[in-house]
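Open the model in your viewer and keep the selection panel handy. This tour moves from stop to stop, saying what to select and what is there.

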Amino acid sequence: MSEREVSVDRTPLIVGNWKMNHTRATARAFCAELGELHAERPLPAGIEIGIAPPFTSLDVVGDGLAELPVFLAAQDVHWEPSGAFTGEIAPGMLSELGCRMVIVGHSERRHLFGETDERVARKVAAVRDAGMVPILCVGETEDERDADRTRAVVESQLRKGLGKIQPGAPERLVVAYEPVWAIGTGRVATPQQVEEVHGFLRDVLASIGGQAFAGGVRILYGGSVKPGNAAGLAVLPHVDGFLVGGASLEASTFAELVHLLGGAPETGA
Ligand code: PEP
């Protein structure tokens, strides 16, 4: 354990981000298959497992996961509780459907839909106010990494994203480090790159909320995680789990990842 940390339990966490994939019918089939896999080989205890389907399948997946140790999450949210915001979904609508966590500031929202740090911060605060946990995504582009700006970029995104909340209990926040160049590209970051950024993010969290806070916040890695590379990442001291896109779409692959994470040594370095 390094001096900068306090030893605490950080329950490993894996969240599948389906993005704009799966109809209600295929979402139902995914849940049924995951249920069968769980009956054959129970999903590991001692870790937390979530699925973030499209809004249109939240109820189907919520029902389909009811008997499984898997919670429901959402991919995005608006910050206002209600009002004239055509096409948007309010935090209370997600918690009403049983969502426990909400992904905020995913790089696809930032880069394809112009999501600003200001909006991300409002969403983080709104998710917390609604009693859910934000999964705040940060990550650099390839150009930013090449220009040696990775630390500056992720620090800025993290500080601004948390700018409208008090740190509070560490379990009320999850951070996901997702290098943009690794998302959906098959180019996973190396364990050294991941550990370096995760350790840095934990230092930034410590400067925001103190050592105990930083030691308790889970920091997930995301970016082309697959069964073939997950084990080498799961053992890293500052990696507390994964945010998984493509490899979460098939129940068998997702279950394999869950078992890999569940079998990794306890985090809490
Ligand atoms: C993601 O979109 O959060 C993600 C990590 O995608 P993928 O696993 O497909 O790279």
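**Stop 1: salt bridges.** Start with the charged side chains. This is a predicted model, and a search of the whole structure finds 16 salt bridges.

Select Glu-108 and Lys-19. The two form a salt bridge, with the closest N and O atoms 2.7 Å apart. Glu-108 sits in helix α4 (residues 107–112) and Lys-19 in the loop between β1 and α1, so this pair ties together parts 89 residues apart in sequence.

Next, select Lys-123 and Glu-115. Here the closest N and O atoms of the salt bridge are 2.9 Å apart. Lys-123 has 3% relative accessibility and therefore counts as buried. Glu-115 is buried too, at a relative accessible area of 10%. The cut-off for buried is under 20%.

Together, Asp-76, Arg-109, Glu-115 and Lys-123 are linked in a network of salt bridges.

Now go to helix α5 (residues 117–129) and pick Glu-118 and Arg-122. They are 4 residues apart in this helix, or about one helical turn. Their side chains meet in a salt bridge at 3.1 Å, N to O. Glu-118 is partly exposed at 38% relative accessibility. Arg-122 is partly exposed as well, with a relative accessible area of 33%.

**Stop 2: strand β2.** Clear the selection and take residues 48–52. How many residues of β2 are buried? The count is 5 of 5. Color the two faces separately. Glu-48, Gly-50 and Ala-52 lie on one side, Ile-49 and Ile-51 on the other, and all are buried.

**Stop 3: the β1 side.** β1 and β2 run parallel, joined by 5 bridges. Val-15 stands opposite Gly-50 in β2. Trace the chain from β1 through helix α1 (residues 24–40) to β2: this β-α-β crossover is right-handed.

**Stop 4: the β3 side.** The pairing of β2 with β3 is parallel, over 2 bridges. Find Ile-51 again; which residue of β3 stands opposite? It is Leu-72. With β2 and β3, helix α2 makes a right-handed β-α-β unit.

Terms used:
Residues numbered from 1 in each chain as written. Predicted model: local features only at pLDDT ≥ 70, side-chain atom pairs only at ≥ 80, totals over all residues. Heavy atoms only, no water. Buried < 20%, exposed > 50% of the residue type's maximum accessible area, 1.4 Å probe, protein only. Pairing = 2+ DSSP bridges. Right-handed = clockwise from strand over helix to strand, strands pointing away. Salt bridge = Lys/Arg side-chain N within 4 Å of Asp/Glu carboxyl O.
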